[in-house]
Amino acid sequence: MANILVVAEHDNATLKPATLNAVTAAGTIGGDIHVLVAGKGAQAAAEAASKVAGVAKVLLADDSAYEHQLPEDVAPLVVATAKGGYGHVLAGATSVGKNLAPRVAALLDVAAISDITGVVSADTFERPIYAGNAIATVQSKDAVKVVTVRTTAFETAAATGGSASVEPVSGAGAAGLSRFVSAELTKSERPELTAARVVVSGGRGMQSGENFPLLEALADKLGAAVGASRAAVDAGFVPNDYQVGQTGKIVAPELYIAVGISGAIQHLAGMKDSKVIVAINKDEEAPIFQVADYGLVADLFKAVPELEQAL
Amino acid sequence: MRILVPVKRVVDYNVKIRVKADGSGVETANVKMSMNPFDEIAVEEAVRLKEAGKASEIVAVSVGPAQAQETLRTALAMGADRAILVQTDAETQPLAVAKVLKALVEKEGPQLVILGKQAIDDDCNQTGQMLAALLGWGQGTFASKVVPGEGSVAVTREIDGGLETVDLTLPAIVTADLRLNEPRYASLPNIMKAKKKPLETVTPDSLGVDVAPRLTTLTVVEPARRKAGVKVADVATLVDKLKTEARVI
Ligand SMILES: Cc1cc2nc3c(=O)[nH]c(=O)nc-3n(C[C@H](O)[C@H](O)[C@H](O)COP(=O)(O)OP(=O)(O)OC[C@H]3O[C@@H](n4cnc5c(N)ncnc54)[C@H](O)[C@@H]3O)c2cc1C
Ligand SMILES: Nc1ncnc2c1ncn2[C@@H]1O[C@H](COP(=O)(O)O)[C@@H](O)[C@H]1O
C-alpha cells in the first residue's frame with residue numbers, strides 16, 4: 001500500500017490543529033503516514049509533528065523560501081515529494097490547504113478532492129456540495145489523490161504518543177512569482193473559532209459592532225469563540241474572519257448559539273453539524289429555528305444579558 | 001492590460017435544491033440558473049479596474065452548455081467587452097476548466113485572470129489555483145483587495161486568522177472573495193447594448209483540450225436531517241435544558 005503524505009499547517013513554531021484532523025483522515029485510508037513540514041526555522045513544528053500518534057515519518061524542508069508557505073513555492077516541493085511514491089496528498093480544508101492543494105493537483109495532472117467529510121475507501125470519498133444540501137460520493141482513478149479534509153468531520157489525532165523520525169528534505173526554494181508583504185491577524189484571547197467547544201455567533205440582529213460586547217460577555221462565561229453571519233461581517237460589526245458559513249468557516253462545536261441570525265442556507269452550511277444548536281431570534285418564523293435544538297423567541301437585547309447572568 | 005474573467009452558470013443561490021430520487025445528482029431541470037455570485041464580484045472588479053484606467057479590455061469566458069450564453073450576456077451587460085463560450089454538455093470539473101482557460105489565456109494574452117473563489121454548486125474552490133499552476137503564474141486567492149502596480153499586483157487575501165497581503169508578478173491569477181466589492185446591477189440600456197457585443201463560440205476540441213471528468217460521482221444523497229427541536233419559554237428554561245438535558249454547559 002502506498003504511503004500518505006500529509007502537508008502540515010504550522011506557524012514554524014507550532015502545529016495547527018487542522019494537521020491533526022488530516023492525520024486522522026489519513027489513518028482511515030490506510031498506509032504509512034508521513035508529514036511534510038515546509039517552513040523556516042520550523043524544527044519545533046517538525047518535532048511536534050513527530051509526536052503525533054500515527055505518524056511514521058516527518059519530512060522537514062527548512063528554507064527561508066518557505067517562511068510564509070506561499071503556494072507558488074511550496075507546491076513544487078509537495079509535488080516533488082509526492083512523486084517519490086505517495087498515493088495520497090492530504091491537507092486540512094483551511095485557507096492554507098485550499099490555496100495549496102489544487103495547485104499541487106494541477107501540477108500532478110490529477111483532480112483535487114475538496115473538503116471531504118468521509119473516507120469510503122482509498123479512492124472514494126464523501127464531500128458536501130451545494131452548501132451542504134447534498135452529499136456526493138466521488139471516486140478518483142488518478143494515480144495520486146490530492147485531498148483537503150474538512151476538519152469538523154474528523155477527530156484530531158492525539159498530539160502525543162508518536163515518535164517519528166525527522167528527516168531533512170530540500171526543494172527548489174523560491175519560485176519568484178510571489179512575495180509576502182504583510183499579515184493582519186485578528187487578535188483574540190478567546191479560543192479559535194474552528195476549534196472552540198462553544199461558539200456564540202451574532203447576525204444582523206445585533207444592529208452594530210458596539211453591541212457585540214454583549215455576546216463577548218456571554219462567550220467569556222462559556223469559554224466560547226465568537227462568530228458571525230455574513231450580514232454582520234459585511235456591515236462591519238466584526239472582522240471578516242468571524243464569518244461562519246458556506247464561504248466562511250465551518251464549525252461543529254458541542255454548543256452553537258446563534259443570536260439575531262435568520263438561518264440562511266449559506267449560514268447553516270457552516271454550523272449545522274454542531275452537536276447542540278441554540279437560536280435566539282425575535283421572529284418565530286426564522287428558518288434558524290428549523291435546525292435549533294432549543295429555540296428562544298425573544299428580543300436578544302433582553303435575552304442575552306439575562307442568559308449571561310444566569311450562567 | 002487585458003483581463004479575462006471566467007464565469008460559471010450555476011443554480012441560483014436562492015433556490016432550495018432537490019436531490020434526485022435515484023441518487024444520480026441534483027435536479028437542475030426547470031430550476032432558476034444565474035451567474036455564480038463570486039463571478040459577479042470578479043466581473044465587477046474587472047469593470048472597476050477598467051473604469052479606473054488600469055485595464056483596457058475585459059473578456060468574459062464560460063465553459064458549459066449553450067445556455068451559458070445568458071450568463072455571458074449578463075457579464076457583457078455589467079461591462080465586459082466581449083465573450084467566449086467554450087461549449088460543452090460534459091460536466092465541467094475544475095481541472096478540465098483550468099485546461100480550457102489555459103488554452104484561452106495563451107490565445108488572448110491577458111495580464112490578469114480574475115475568477116470567483118468558489119462555484120456554489122460544486123463548492124470546489126480549485127479552478128483559479130489550478131489555472132495558476134498550469135500557467136506557472138502567481139495566485140492571489142480569496143481576494144478582498146486588488147491593487148495593480150507596475151509589473152505586479154498587490155492582493156489582500158482573506159485567511160483564517162485575518163488578512164494577508166501578497167505581491168504577485170504579472171501576469172497573475174486572482175480569485176474573488178465576498179468582500180472584494182458589491183457587484184452592480186446591469187441597467188436596462190446596458191442589457192440592450194450587451195446583446196450587440198461580440199460573443200464567440202468555440203469547443204474544447206478546437207482548443208485541443210480533453211474535458212472528460214476525472215472524478216466519477218457514484219451517488220448524491222441528502223444530508224442527514226437534524227431532529228426537530230423545541231421552543232423554550234424563557235432564559236431560565238433554556239439554561240436548565242442545556243444543563244440537565246443536553247449537558248453542554
Ligand atoms: C455566494 C454567497 C455566499 C454566502 N456565504 C455566507 C456565509 O458563508 N455565511 C453567512 O452567514 N451568510 C452567507 N451568505 C449570506 C446569506 O445568504 C444571508 O444573507 C446571511 O446569512 C444573513 O445574515 P443574518 O442572518 O445575520 O441577517 P438577516 O437575514 O437579516 O437576519 C437577521 C435576523 O435577526 C433577527 N433579529 C433582528 N433584531 C433582533 C432582536 N432585537 N432580537 C432578536 N432577533 C433579532 C431577525 O428576526 C432576523 O431573523 C452568502 C450569500 C451568498 C450569495
Ligand atoms: N464551467 C466554468 N466556466 C467558467 N468559469 C468557471 C467554470 N467552472 C469554474 N469556473 C471559475 O472558477 C471559479 C471557481 O470554481 P470551482 O473551482 O469550481 O469552485 C468560479 O468562480 C469561476 O470563476
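**Before you click**

The model is predicted, so local features need pLDDT of at least 70, side-chain atom pairs count only at pLDDT 80 or more, and totals for chains, interfaces and linings use all residues. Residues are numbered from 1 along each chain as its sequence is written, chains are lettered from A and ligands numbered from 1 in the order in which they are written, and side-chain values use heavy atoms, with hydrogens and water left out.

**Stop 1: chain B**

Select chain B and show the cartoon. Its secondary structure comes to six helices and 13 strands. Helices (H or I, at least four residues) and strands (E, at least two) are DSSP runs, numbered from the N terminus. The C-alpha trace spans about 65 × 45 × 40 Å along its principal axes.

Colour by accessibility next. Of the 249 residues in chain B, 55% are buried. Buried means under 20% relative accessible area, exposed over 50%, and partly exposed in between (1.4 Å probe, protein chains only). Chain B exposes about 10,800 Å², and carbon and sulfur atoms supply 50% of that. Accessible areas come from the Shrake-Rupley method with a 1.4 Å probe; for residues, only the protein chains shown count as cover.

Now the contacts, meaning heavy atoms within 4.5 Å. Among contacts in chain B with a separation of 6 or more, 70% join residues 24 or more positions apart.

**Stop 2: ligand 2**

Select ligand 2. It sits in the largest cavity. On a 1 Å grid over the protein atoms alone, a cavity is a set of points where a 1.4 Å probe fits but cannot get out; a pocket is an open set with protein on both sides within 12 Å along at least five of seven lines. A molecule sits in either one if more than half of its atoms lie within 2 Å of its grid points.

- D39(B): a side-chain N or O atom is 2.4 Å from an oxygen atom of ligand 2.
- T127(B): a polar side-chain atom lies 2.7 Å from a ligand 2 oxygen atom.
- N125(B): a backbone N or O atom lies 2.8 Å from an oxygen atom of ligand 2.

Taken alone, ligand 2 exposes 480 Å², and the protein buries 99% of that.

**Stop 3: ligand 1**

Move to ligand 1, which lies between chains A and B. The space it takes is the second largest pocket. Its surroundings hold 28 residues; the closest are R204(A), S229(A), Q243(A), S262(A) and N281(A).

Highlight α6 (230-234), α7 (265-268) and α8 (300-310) of chain A, then α1 (37-51) of chain B: each supplies at least two residues of the shell.

Check these distances:

- Q266(A): a polar side-chain atom lies 2.8 Å from an oxygen atom of ligand 1.
- G260(A): a polar backbone atom is 3.0 Å from an oxygen atom of ligand 1.
- K282(A): a polar backbone atom is 3.1 Å from a nitrogen atom of ligand 1.

The protein covers 86% of the 990 Å² of accessible area that ligand 1 has on its own.

**Stop 4: S62(B)**

Select S62(B), in strand β4 (residues 57-64). It is buried, at a relative accessible area of 1%. Its side chain reaches the backbone oxygen of V7(B) at 2.6 Å.

**Stop 5: D122(B)**

Go to the loop between β6 and α4 (127-135) of chain B, where D122(B) is placed. D122(B) counts as buried, at 17% relative accessibility. A polar contact of 3.3 Å joins its side chain to that of K8(B). Beyond four places in sequence, D122(B) touches R127(A), P128(A), I129(A), K8(B) and P94(B).

**Stop 6: A46(B)**

Finish in helix α1 of chain B, at A46(B). A46(B) is buried, with a relative accessible area of 0%. Show I3(B), V5(B), I58(B) and I114(B): A46(B) touches them, not counting residues up to four places away in sequence.

Notes:
Polar contact = N/O pair within 3.5 Å; in protein donor to acceptor, adjacent residues only side chain to side chain. Near = heavy atom within 4 Å. 1 Å grid on protein atoms, 1.4 Å probe; cavity = no way out; pocket = protein on both sides within 12 Å on 5 of 7 lines; lining within 4 Å.
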